[in-house]
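Trainee: Please walk me through reading a fold, sheet and helices in turn.

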Amino acid sequence: MAEILKGAPVAKALTEANRERAEKLKEAGIEPALAIIRLGENPSDLSYERGAIKRAEKTGIRVVQHVLPETASQEELLGEIEKINRDDSIHGVLMFRPLPGHIDEKAVCEALDPAKDMDGITSGSMAGVFMENGMGYPPCTASAVMEIFDYYGIELKGKKVTVFGRSLVIGKPVAMMTMGRHATITVCHSRTSQEDFARAGREADIVIAALGRARMIGPEKLGRDQVIIDVGINVDEEGSLCGDVDFDKAEPLAKAITPVPAGVGSVTTAVLMKHVIQAAERKARI
């Protein structure tokens, strides 16, 4: 039986550490604060926002909500971002995406001060991830994967890691972050041949699945005694949440595996708060 790498204990440990750091900041006269920017009332955004606010309360972080109608103009949104950039009491920003179609998302993301970008949406943040210069913050989901490795004591040095997916949200940053821990990386994507795709999965010590396709990774693409990190969150034909990995078929083969739900996704809000604390500490030079 594989070890089930649940996210809840990781999030709990992170929150406890974040709360201690938040208290030190408050003792120094600094209240860490997160601004949330949301356009419209998308149910998934609202769900994540509720979770983030609850986590912030547990951590001791102040949350300021900036809610605009879905029909808000790009100029209105840019004006809101500019206000937040200038507000020294705000240390971090979470902006929900995708934005409505009439908004130039790239331009809006680049308008955000990279020092306040908590989820890796600016080129400045991503440059920090790729250059490993300590600047900016990687996407929270990619960071959550690394937190799971750390909590469960999973060594990356010298290991073969296969990443399924090449998005800027997960695939590319997590590949760079694991490479930074001295792993050897293979990245597979939609243009990878099926033969190479399967071979890369079978030969890996660690598999990170981030394709966004329900149960695409089955036993034919996996080896034995692997660590499997499933980042995918999908809804199957029966309306149930599932990952990119076929959990029922993969679990008997694996050494360790994250479940979906209750795996990587449950760590992301704790990571978001960690980034806010880091931003506040950097600003205060603590």
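Mentor: We take the sheet, then the helices. This is a predicted model: local features need pLDDT of at least 70, side-chain atom pairs count only at pLDDT 80 or more, and totals for chains, interfaces and linings use all residues. Residues are numbered from 1 along each chain as its sequence is written, and side-chain values use heavy atoms, without hydrogens and water.

Trainee: In what order do the strands of the open sheet run?

Mentor: Helices (H or I, at least four residues) and strands (E, at least two) are DSSP runs, numbered from the N terminus. Two strands pair if DSSP finds at least two bridges between them. Here 6 strands give the order β1-β11-β8-β7-β5-β6, with parallel pairing. β1 (3-4) and β6 stand at the edges with a single partner strand each, so one side of each lacks a neighbour in the sheet. Between β5 and β7 there are 4 bridges. V161 stands opposite I206 in β7.

Trainee: Is helix α7 (residues 171-179) largely enclosed or largely open?

Mentor: Buried means under 20% relative accessible area, exposed over 50%, partly exposed in between (1.4 Å probe, protein chains only). In α7, 7 of the 9 residues are buried, so the rest of the structure largely encloses this helix. Among them are P173, V174 and M176.

Trainee: How many residues of α10 are buried?

Mentor: 13 of the 17, so α10 is also largely enclosed. Just after α10, R285 takes a positive phi of about 60 degrees.

Trainee: Why does N85 count as buried?

Mentor: Because its relative accessibility is 16%. N85 is found in helix α3 (residues 74-86).
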